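Trainee: I have a new model open and I'd like to learn how to read it. Could you walk me through it, one feature at a time?

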Amino acid sequence: MEKIKNYINGQFVDPISALWMPNINPANGETISLVPNSNAADVDQAVQAAHEAFPAWSEMAVEKRCEYLLLIADQIEEHFEEFAMLETLDNGKPLWLSKKIDIPRVVENFRFFAKYVPTVKAFSVRKGDKALSQITRMPVGVAALITPWNLPLYLLTWKIAPALACGNTVVCKPSEVTPMTAYFLAQILDPLPLPKGVFNIVFGTGLDVGRPLVSHTDVKLVSFTGGTQTGKQIEKDIAGQCKKTSLELGGKNAIVIAADVDIDQTVDELIKASFLNQGQICLCGERVFIHADIFAIFVEKFVHKTKKIIVGDPLHKTSFMGPLVSQDHWQKVRQCIAQRVKAGAKVLAGDETLQNDKGYYLRPTILSGLDQNHSCHTEEIFGPVVTVEPYQDEDEVVKMINNSPYGLCASIFCKDQDRAQMIARKIRAGTVWINCWLVRDLRVPFGGMKQSGIGREGGQYSVDFYTEYKTICTAL
Ligand code: NDP
């Protein structure tokens, strides 16, 4: 059985505790590797290494740093198939999806920031004939990068690439549930001439590794993606330490279907926006509001197509959905469904016939008929479960959408552009898509409002986050 190692100061090392945890393939429940159960002592070593590597790395020319990013991108591309396979084994996402979305976006993360960051200019301001102020950007220091299991390498590299390009050194803490792609990244990066200590990974749980990492006094910046409760805990743990912090948190995203849509085409989009990656994408919709004029026919077609979705072995090309990521998560999602049914929801699609004693499979589930004020409408499920409800007019739907502690994203499907824009402007969410979903442009800010997060990443916004301004004012 392969024992994963931490990567600290350019060395693969065992956890100091000499303890490992099983890493389970969710498609069959079998252990595929052992993941280090590291603790604060490992974190300390990694932060120390990153701290010592910081001065030389931050003073290196930005173009040179970005050459390393391009080398990493080339290596990932060369090992594309292995990355995709590891992600599928670790996470349960269909192999075709890993190849189509996750791994290409991993490569794009490195290439984009390698090209973009060197173009960010310093500037100067002149105060008459008295003084000249030069404003430059400084890297922040050691960055703690903490990520969840749903898009394991895609989310991690979205942090690593801009952090390194801007001159920070990093200590990564991927989810212990999906460690394989991060470990493989360390393996392909190790032979490259990247200075030791610039890139470190410590594997382990949130409690034993995540908490000591964010609280470490030599960590100057925390970039976290995960659940809202964890984000709040991190805020408490680092209170009073003046760290730069970005929190990308949970959501309860809404999708609006107007009366004028092409029904068949929109049902196809809705299937993706609800059930891609088993609904385990923070941007998936969980609340679907359909105009009352087309509600019955739209739901009939949505239910019909959902029942035809193939759920099965993620290695098979025909499987649209694989298993959920872990037994714990599978149980949590099933409990959420049971609670909603108990509260009066009708099950329009979904059953448990796929449950077996091996993989953590669940059929895509459509529920309806719950009161809008019920807590089930506001709590994130993070699985292949959506509710469908009718709405009469725009004011009503905006009110229902904004009746949520979250504000990550929303989608509106509507031919009438003016009407769509009007709804979009009133929704309190970081991203609103009109007639599309999951469109990604690394130049635009990404992040949520309300309890979906603080801080923004993407293009200029990542540069803002991973650097701080410095002004040197010289008398003339
Ligand atoms: P968690 O918040 O449970 O975990 C995220 C990461 O944080 C994991 O690596 C976890 O470690 C670690 N962690 C847990 N506790 C702490 C702590 N106290 N201090 C520091 N780190 C800690 O989220 P999940 O992994 O379950 O991911 C699902 C959630 O992520 C959903 O709510 C989803 O909406 C959200 N998400 C948000 C995105 C966004 O961009 N807004 C994108 C993707 C997901 P470990 O699990 O190994 O113990």
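Trainee: Is cysteine 242 buried or exposed?

Mentor: This is a predicted model, so keep in mind that we're reading a prediction. A residue counts as exposed when its relative accessible area is over 50%. Cysteine 242 has 77%, so it is exposed. You'll find cysteine 242 in the loop between H8 and strand E12 (244-248).

Trainee: What about its backbone? What is the phi of cysteine 242 near?

Mentor: Start with the general idea: most residues other than glycine have a negative phi. Cysteine 242 has a positive one, near 55°. Asparagine 9 also has a positive phi, near 55°. Asparagine 9 sits in the loop between strand E2 (6-8) and strand E3 (11-13). With a relative accessibility of 34%, asparagine 9 is classed as partly exposed.

Trainee: Where is arginine 440, and which side chains does it contact?

Mentor: Look in the loop between strand E20 (431-434) and strand E21 (449-450). Buried means under 20% relative accessible area, and arginine 440 has 18%, so it is buried. For polar contacts, we look for N or O atoms within 3.5 Å of each other. Another goes to the side chain of tyrosine 154, at 3.4 Å.

Trainee: Why is the pair of phenylalanine 465 and tyrosine 466 edge-to-face?

Mentor: Planes over 60 degrees apart count as edge-to-face. Here the planes are at 70°, with ring centres 4.8 Å apart, so the pair gets that label. Phenylalanine 465 and tyrosine 466 are both buried.

Trainee: Now the ligand. Which residues come nearest to it?

Mentor: There are 30 residues around the ligand, and Glu176, Thr230, Leu249, Cys282 and Glu380 come nearest. By class, this shell has 12 nonpolar, 13 polar and 5 charged residues. Domain 1 (6-249 + 452-475) and domain 2 (253-434) each provide at least three residues of the shell.

Trainee: Which polar atoms lie by the ligand's oxygen atoms?

Mentor: A polar side-chain atom of lysine 173 is 2.8 Å from a ligand oxygen. For tryptophan 149, a side-chain N or O atom is 3.1 Å from an oxygen of the ligand. Glycine 226 uses its backbone instead, with an N or O atom 3.4 Å from a ligand oxygen. As for cover, the ligand on its own has 900 Å² of accessible area, and the protein covers 88% of that.

Key: Residues are numbered from 1 along each chain as its sequence is written. This is a predicted model: local features need pLDDT of at least 70, side-chain atom pairs count only at pLDDT 80 or more; totals for chains, interfaces and linings use all residues. Side-chain values use heavy atoms; hydrogens and water are left out. A residue is near a molecule or strand if one of its heavy atoms lies within 4 Å of it. A polar contact is a pair of N or O atoms within 3.5 Å; within protein, one must be able to donate a hydrogen and the other to accept it, and residues adjacent in sequence count only if both atoms are side-chain atoms. Accessible areas come from the Shrake-Rupley method with a 1.4 Å probe; for residues, only the protein chains shown count as cover. Ala, Val, Leu, Ile, Met, Phe, Trp, Tyr, Cys and Pro count as nonpolar, Asp, Glu, Lys and Arg as charged, and the others, Gly among them, as polar. Domain bounds come from an automatic or database domain assignment. Rings of Phe, Tyr and Trp (its six-membered ring) pair if their centres lie within 6.5 Å; planes under 30 degrees apart count as stacked, over 60 as edge-to-face and the rest as tilted. Buried means under 20% relative accessible area, exposed over 50%, partly exposed in between (1.4 Å probe, protein chains only). Helices (H or I, at least four residues) and strands (E, at least two) are DSSP runs, numbered from the N terminus.
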